[in-house]
Amino acid sequence: MRFFVTGISGFAGRHLTAHLLEGGHRVSGIARQDSALDELRGRLAGPFASVAIDACDIRDRAGLRAALDRARPDGVFHLAAVTFVPKTIERPELAYEVNFLGTVELLSAVRDVASRARVVLVTTGEIYGAVDPDRDLPIVETQPLRPLSPYSVSKAAADLAGFQAFWSQSLDVVRARPFNHTGPGQPAEFVCSEFARALVAAEAGTGPATLRVGNLDVERDFSDVRDIVRGYVALFEKGAGGEAYNLASGTATPVRTVLEELRSLARAPVAVEPDPRKQRLREIPRIAGSIDKIAKTTAWRPAIPLRQTLADLMEDWRSRLHGVAR
């Protein structure tokens with residue numbers, strides 16, 4: 001089959017592309033012209049050799065339509081987004097333009113150019129926002145949306161735009177709501193990857209021997225990115241049009257536990273100190289998503305243990321920073 005991936009050079013986009021290629025599918029996509037796209041193009045002589053990539057912003061109406069027209073896809077995976085929450089707080093208008101209006105542009109382009117394609121629209125579990133940990137966990141898809149950041153507001157709007165396109169325009173849209181996911185290739189600004197990078201730098205003597213951290217007592221639902229992209233494909237194959245599905249582990253894990261696992265994998269001791277600058281004024285203390293719906297519909301469940309994910313992340317950072325793995 002032919003698939004089109006927006007945000008193809010991003011963290012999840014690269015893992016999704018690799019998974020689709022392993023399945024024998026043809027893949028093309030778009031990405032902003034940046035270092036991530038340059039890096040992906042540098043790999044095109046390898047496993048990505050057959051992938052056609054256009055440098056195109058999701059907001060570029062003409063470029064997006066031209067790329068879709070060339071691809072003639074059976075399925076579209078929409079991953080392009082501004083995902084780092086602090087960046088969206090600094091520039092909320094960018095989050096709304098890319099995450100919401102970019103999604104509107106994508107849905108409009110599919111309607112006009114590839115109307116028979118199924119769209120897997122990726123939003124986030126953060127759209128649920130303000131939940132009561134004692135009453136609302138695990139979070140199900142019918143939980144009211146009460147987003148708490150420009151990122152999650154923009155993604156909630158994109159999620160609703162996807163349903164509207166299904167309902168009013170008869171587009172075949174399935175909405176994916178992934179919770180936190182990590183793994184090899186994750187950018188350093190996200191918590192698991194930030195910890196892993198710092199620990200690898202410290203063990204090599206190229207970074208400080210003390211890691212400064214924020215609130216380690218919050219609990220989040222962590223999955224492996226490789227499991228998550230399998231879930232996206234499962235939703236393309238078996239998800240019901242118009243429906244929304246959580247992708248998660250179903251377990252709330254303290255950030256402290258993640259850090260201690262990573263420290264146990266480090267090759268040198270690293271001290272930890274609290275950093276008031278990394279503390280958020282207000283946080284939901286515990287989050288976990290229910291995966292009953294996607295499991296019943298597609299049989300998808302996460303398969304990779306968190307410790308394996310973190311071990312792979314550490315090895316990935318050793319390779320990225322020093323060209324050294326086991």
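The structure is a predicted model, and every value below was computed from it. Among the features described are the buried side of helix α3, the enclosed strand β1 and salt bridges, of which a search of the whole structure finds 29.

- The partners against which the buried residues of α3 pack are the strands β1 (2-6), β2 (26-31), β3 (52-55) and β4 (75-78), together with helix α5 (92-113).
- Just after α3 the chain reaches R72, a residue that takes a positive phi of about 45°.

**Strand β1 and its partners**

- In β1, 4 of the 5 residues are buried, and the strand is therefore largely enclosed by the rest of the structure.
- Strand β1 pairs with β2 in the parallel sense over 5 bridges, and in this pairing T6 stands opposite I30 of β2.

**Salt bridges**

- R175 and D159 meet through their side chains in a salt bridge, with a distance of 2.7 Å from N to O. Because R175 lies in strand β6 (residues 172-178) and D159 in helix α6 (residues 150-169), this pair ties together parts that are 16 residues apart in sequence. Both R175 and D159 are buried.
- A salt bridge also joins the side chains of R256 and D217, at 2.9 Å from N to O. This pair links distant parts of the chain, since R256 belongs to helix α9 (residues 255-265) while D217 lies in the loop between β8 (210-213) and β9 (219-220), 39 residues apart. R256 counts as partly exposed at 39% relative accessibility, whereas D217 is exposed, with a relative accessible area of 52%.
- E243 and K293 form a salt bridge in which the closest N and O atoms are 2.6 Å apart. Distant parts of the chain are linked by this pair as well, with E243 in the loop between α8 (225-238) and β11 (244-247) and K293 in helix α10 (residues 292-298), 50 residues apart. Both residues count as partly exposed, E243 at 33% relative accessibility and K293 at 25%.

**Two buried serines**

- S152 is found in helix α6, and this serine is buried, with a relative accessible area of 2%.
- A polar atom of the S152 side chain lies 3.1 Å from the backbone nitrogen of L148, and the S152 side chain also reaches the backbone nitrogen of S149, at 3.0 Å.
- When neighbours within four places in sequence are left aside, the residues in contact with S152 are E126, I127 and P147.
- S290 has its place in the loop between β13 (271-274) and α10, and S290 is buried, with a relative accessible area of 6%.
- If residues up to four places away in sequence are not counted, S290 touches P138, I139, V140, E141 and N246.

Conventions: Residues are numbered from 1 along each chain as its sequence is written. This is a predicted model: local features need pLDDT of at least 70, side-chain atom pairs count only at pLDDT 80 or more; totals for chains, interfaces and linings use all residues. Side-chain values use heavy atoms; hydrogens and water are left out. Buried means under 20% relative accessible area, exposed over 50%, partly exposed in between (1.4 Å probe, protein chains only). Contact means heavy atoms within 4.5 Å. Two strands pair if DSSP finds at least two bridges between them. A salt bridge is a side-chain nitrogen of Lys or Arg within 4 Å of a carboxyl oxygen of Asp or Glu. A polar contact is a pair of N or O atoms within 3.5 Å; within protein, one must be able to donate a hydrogen and the other to accept it, and residues adjacent in sequence count only if both atoms are side-chain atoms.
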